[in-house]
Amino acid sequence: MRLVSYRQNGVPGIGVMVDGESFVALPKAAPDLPHSLKALIEMEDGFGRAAQAAKGKKADLRFGEVQLDPVIPEPNAIWCLALNYKLHIEETGLTTSAKYPQIFLRMPCSQVGHLQPILCPDPAIARKYEYEGELAVIIGKGGRHIPVEKALDHVAGYSCYNEGSVREYQSYNRQFGLGKNFEQSGSFGPWLMTPDEFGDPSKHRIVTRVNGIERQNATTDLMVFDVPHLINYLSQGYFLRPGDVIVSGSPGS
């Protein structure tokens with residue numbers, strides 16, 4: 001199942017995709033369900049109820065008729081990975097730990113939904129604004145000290161993330177900070193794909209195109225730290241919550 005977060009006339013809703021652009025609007029099909037995807041994730045058997053509500057129904061909305069929000073518009077946390085692919089480490093010339101993932105945070109205001117414009121920095125202050133296509137992991141079941149072998153049981157689904165980066169501001173200090181959090185500098189979507197449909201997160205390919213030209217093409221099995229190890233590591237210090245997002249790193253360009 002694929003689910004989107006959207007707004008129609010300013011009112012939020014959740015959609016269950018029927019094809020690549022059209023969906024069943026759950027506020028119409030099941031008005032008793034939450035209108036927030038994060039709240040649906042938190043709800044017991046929320047996804048099962050959404051699937052049942054949409055079953056056999058024709059799409060009633062298309063992308064062009066709504067504004068798509070980030071898959072999770074206001075997550076409690078957006079944990080991002082730096083230097084999680086060997087190629088990216090090699091091309092940057094930076095060093096990182098072979099034992100511990102390099103983590104930083106993004107703020108919700110730094111992301112937009114699918115098909116919404118991202119904002120380029122004023123060229124008077126920064127010119128090196130770069131794309132980073134990445135796999136996003138959305139937490140479903142919360143937990144602390146999650147074992148590696150049970151980590152994928154805590155995943156609600158997966159999505160695409162363009163982790164836009166303002167390189168000048170990244171380089172000003174040891175923390176990536178502002179360079180990774182410019183207003184509306186990244187995008188998240190179009191949809192959450194549930195694990196039963198997505199399959200093994202280590203067996204996918206990330207392709208990023210800029211103006212139709214391919215810029216990134218790599219498989220997720222090349223991650224230094226795979227998804228189960230990232231969940232395990234983060235949960236050592238933080239109680240992962242439903243709707244939390246882990247952005248698993250750029251494969252390089």
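**Entry 1. Ground rules.** For sorting residues by class, I count Ala, Val, Leu, Ile, Met, Phe, Trp, Tyr, Cys and Pro as nonpolar, Asp, Glu, Lys and Arg as charged, and the others, Gly among them, as polar. The model is predicted, and local features need pLDDT of at least 70, side-chain atom pairs count only at pLDDT 80 or more, while totals for chains, interfaces and linings use all residues. Residues are numbered from 1 along each chain as its sequence is written, and side-chain values use heavy atoms, with hydrogens and water left out.

**Entry 2. Pockets.** I needed the terms before the search. On a 1 Å grid over the protein atoms alone, a pocket is an open set of points with protein on both sides within 12 Å along at least five of seven lines, a cavity is a set of points where a 1.4 Å probe fits but cannot get out, and lining residues have an atom within 4 Å of a point. Grid points are joined across faces, edges and corners, and a volume is the space filled by probe spheres set on the points.

I began with the largest pocket, whose volume is about 840 Å³. I found 35 residues in its lining, with Cys160, Tyr161, Asn162, Gly189 and Val207 nearest the centre. Helices (H or I, at least four residues) and strands (E, at least two) are DSSP runs, numbered from the N terminus. Two or more lining residues of the largest pocket come from each of strand E9 (129–130), E10, E11, E13 and E15. The most come from E15, which gives 6 residues. The class count for this lining is 16 nonpolar, 14 polar and 5 charged residues.

I then turned to the second largest pocket, with a volume of about 410 Å³. Its lining has 26 residues, and His88, Thr92, Glu130, Arg167 and Gln170 are the closest to the centre. E6, helix H4 (86–92) and H5 each give two or more residues to this lining. H4 gives the most, with 3 residues. By class I noted 7 nonpolar, 10 polar and 9 charged residues.

**Entry 3. Gln170.** I followed one of the residues closest to the centre of the second largest pocket, Gln170. Gln170 belongs to helix H5 (residues 167–170). Is Gln170 buried or exposed? Its relative accessible area is 12%, so I put it down as buried; the cut-offs are under 20% for buried and over 50% for exposed, with partly exposed in between (1.4 Å probe, protein chains only). Contact means heavy atoms within 4.5 Å. Not counting residues up to four places away in sequence, Gln170 touches Ser165, Gln175, Phe176, Gly179 and Lys180.

**Entry 4. Cavity.** How many cavities of 30 Å³ or more does the structure hold? I found 1. The largest cavity has about 40 Å³ of space. Among the residues that line it are Leu81, Asn84, Tyr100, Gln102 and Phe225. The lining divides into 7 nonpolar, 4 polar and no charged residues.

**Entry 5. Core.** A nonpolar core is a set of buried Ala, Val, Leu, Ile, Met, Phe, Trp, Tyr and Cys residues joined through side-chain atoms within 4.5 Å. The largest has 33 residues, and those touching the most other members are Val4, Tyr6, Phe23, Ile231, Leu240 and Ile246. At least two residues of this core come from each of strand E1 (2–8), strand E3 (22–25), E6, E10, E11 and H7. H7 gives the most, with 4 residues. Another core lies apart from this one and has 32 residues, including Ile14, Leu33, Ala136 and Val245.

I checked the contacts of Ile246, leaving aside neighbours within four places in sequence. They include Trp79, Leu135, Val137, Leu230, Ile231 and Leu234.

For helix H7 (residues 227–237) I listed the buried residues: Val227, Pro228, Leu230, Ile231, Asn232, Leu234 and Ser235. Their cover includes strand E6 (78–82), strand E7 (102–106), E10, E11 and strand E17 (245–247).

**Entry 6. Backbone.** Most residues other than glycine have a negative phi, and most peptide bonds are trans. I looked for exceptions. His145 has phi near 55°, a positive value. It sits in the loop between strand E10 (133–139) and strand E11 (155–162), and at 52% relative accessibility His145 is exposed. Asn211 has a positive phi too, near 50°. Asn211 is in the loop between strand E15 (205–210) and strand E16 (213–219), and is exposed at 78% relative accessibility. The peptide bond from Gly189 to Pro190 is cis, with omega near 20°. I place Pro190 in the loop between strand E13 (186–188) and strand E14 (192–193).
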